[in-house]
Every structure is written in structure tokens, then in C-alpha cells.
Amino acid sequence: MSDIKDALTRIHYWFKENHPAKIASLASGLSPLEIDNVLSTLSFQVSKEVQEIYEWSNGYPMYGCADDWIFYPMFLLSLDSAVSEAQTWVEEHEEIALMYKYAGKPVLPICMSDVEFLAVVTTDDEQTTSPVIHISEIVEISLRYTNLTAMMLTLAESYETGGLFIDGKGYIEKDEKKYAAAYRKYNSGITDLALERFLKIFPEDSSWQTVQLLHNDLSMSNSYGIEIPTNNLKNKVVNTLLNLLQDEKYDSGFSVVLVLEELRAVDALIQGLQHPSKWVRSRSAFALGKIKAFEAVEFVSQLLEDPDPVVKEAVKEALDMFRNQR
């Protein structure tokens, strides 16, 4: 049995034992032939994981699910509904269609809640897995799980350990600490995916939105305690951001500093202390205090003589954080 099928079996068993009404109307699975027939109408390929999940269950039609949201915080879309929605996104006006892509690749929605989706990204021939992304109601796309298998393993373990539970009103609630433990276990590679996406789309789009996308992804990962390893990928991103920070034509240095903070790029943040913009200097100082970069205390202290009051205030806050963290 594959990991994803094992996780789905565990999720089903947990609900059957604890909240059987939640899965009473869950549709049975499709045959491999039925799945192939539906997926053949797509203009792109999806991972094998998609076939495995629909062999387990065909979920619910887009507008036919009441309250059976077992894939926190959403319900599984039927394959017909998922493919129909994906085709709509592809066929929309070019600007709209581009919004429903991940690093230029089309996506297939798998789960839905109101007008939000979890979707898997198109794969190449040799890929057996692909990232799971979140699409908000204002079409902001961010990474959510390393892949569909990691998502189901995270949910299965969370239900079993109390990371996810059903409250007295029948809603799925989350114990942040327990859920984070399961999330870290199965999604340790998610930061590399975020860095790879940034390096892929940055040459074509160096706007603040591209930098903000990376910040959103890294911020979510860090909130679950996932560390970003120091490797060539991280070094490339830091160097790219430093070049952007030094570009006089780029006027959103503040957003760059936010990403450098998430990356814990101490040397780069120290360079930010000398930036012409008071906002970059102040945020760089604050960031160094926030990430406990004690090796930077001397450099931050030098800005106590900065002529701008905004910078001075940030430096004082940073120095307070250093003192409180020792």
C-alpha cells in the first residue's frame, strides 16, 4: 500500500470510529479507467497521487457538499467537478488564466471551501508527486503542503494525535502545537519548493508581488517551526535579494528585508543597515533583533546615531530584544 493510500485509510478509520456521520455520504472510489477517462480531457498531466486519491473516494460535487469537510478545512471535490473547474481557469481570459497558475504551470483543484481551493500543480512525465497550493478567494496563491501525500499524512497523524479534532458544534478545530509537529514531520522540504519557485519566476517578474509571494510561503513554514537549511538554493536567493536591495530603481526594499528576515540572512541584513532608505535600515535593525542575531549587536548599536527618528526607534526596539533574549 502506498503512503497516500495508507494515510487515507487512517483518516477514514478515525472518522468511522469517532464521527461516522461525517463520512456517511462520502462517495465510493472510481476505477483507474474511469479516472483516466476524466483526466484525459485535461490539457496537462497531474501526479499519480491524484489517481490514488480518487480510487479511494470521488468526493462531492462542487455545490453538493453540506458540512463534510474531512480534509481540514475543506471537502474533497469530485473528479468531474475538479476537472471542470480547472478547464474553466485555463479557458478564462489570459490575465485571469495566469492567476490560476503556479510558477507558470496550470493547477487542478482537489479540495474546496466556499471559494477557496487546495490544488495540485501540473507534473512533468517523470514526476510522481507535486506541490499542493492554497488559492484564496482573492486568488492569492501560496504553498500549503510539499505534495498530496504529505498533506494526507499530516492530516492523518493530526487526527490521531489530537492536532485536529471535532468540537461540540461539529466543526474541525486545530491544536496548533500538535498540528505543527505533524506538519514538520511530512513537509520539511517545503521551503526549498518556495525558493525554487522564486528563482524561476523572478527573472520574468521582479516586482514586489513576487517577493511578497516568497515572504508568504516562508512565513507560513516558519510558523510551523520548519527551518530553512543553508544550501546553494538559499544562497542564490539571498544574493538575488541583495542585488535587488542595491538596485536604486527598486523601491520596495522593505519587502526584501522581510524575506531576508525569514531566511535568517544575517550578513545581508547587516548590509541593509547602511541602506539609503530609512525603512530598510529600520526594518533590518528590527529583524536582526527579532531573529536573535547577537553577532550583529555592534552593527545595530551604531545606528543609535542615525539622523532619522524612525531608525532610532527601531534600533532601540532591536536592542531591547537582544537584552531580553540573552
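This is a predicted model: local features need pLDDT of at least 70, side-chain atom pairs count only at pLDDT 80 or more; totals for chains, interfaces and linings use all residues.
1. Helix H4 (79-91) and strand S3 (105-113) each contribute at least two residues to the lining of the largest cavity. H4 has the largest share of that lining, with 3 residues.

2. The structure holds 1 cavity of 30 Å³ or more. The volume of the largest cavity is about 40 Å³. Its lining is made up of Ala86, Trp89, Val90, Ala97, Tyr100, Lys101, Pro106 and Val107. By class, this lining has 7 nonpolar residues, no polar residues and 1 charged residue.

3. The largest pocket has a volume of about 690 Å³. A total of 24 residues line the largest pocket, and Lys101, Arg197, Ile201, Asp205 and Leu213 lie nearest its centre. Lys101 is also listed among the residues that line the largest cavity.

4. Several elements each supply at least two residues of the pocket lining: helix H5 (94-99), strand S2 (101-102), strand S6 (141-145), helix H8 (190-201) and helix H9 (208-223). Which of the elements gives the most to the lining of the largest pocket? H9 does, with 7 residues.

5. Helix H10 covers residues 232-245, 14 residues in all, and reaches 20 Å from its first C-alpha to its last. This span is close to the 20 Å expected at 1.5 Å a residue.

6. The buried residues of H10 are Leu233, Lys234, Val237, Val238, Thr240, Leu241, Leu242, Leu244 and Leu245. An α-helix has 3.6 residues a turn, so residues three or four places apart point the same way. Against which helices do the buried residues of H10 pack? Their partners are H8, H9, helix H11 (253-262), helix H12 (266-272) and helix H13 (278-290). Of these partners, H8 and H9 also supply residues to the lining of the largest pocket.

7. Thr123 is placed in the loop between strand S4 (116-121) and strand S5 (132-135). Why does Thr123 count as buried? Its relative accessibility is 5%, and buried means under 20%, so Thr123 meets the cut-off. Leaving aside residues up to four places away in sequence, Thr123 touches Gln45, Val46, Ser47, Thr129 and Ser130.

Terms used: Residues are numbered from 1 along each chain as its sequence is written. Side-chain values use heavy atoms; hydrogens and water are left out. On a 1 Å grid over the protein atoms alone, a cavity is a set of points where a 1.4 Å probe fits but cannot get out, and a pocket is an open set with protein on both sides within 12 Å along at least five of seven lines; lining residues have an atom within 4 Å of a point. Grid points are joined across faces, edges and corners, and a volume is the space filled by probe spheres set on the points. Helices (H or I, at least four residues) and strands (E, at least two) are DSSP runs, numbered from the N terminus. The expected span of a helix is 1.5 Å times one less than its number of residues. Buried means under 20% relative accessible area, exposed over 50%, partly exposed in between (1.4 Å probe, protein chains only). Contact means heavy atoms within 4.5 Å. Ala, Val, Leu, Ile, Met, Phe, Trp, Tyr, Cys and Pro count as nonpolar, Asp, Glu, Lys and Arg as charged, and the others, Gly among them, as polar.
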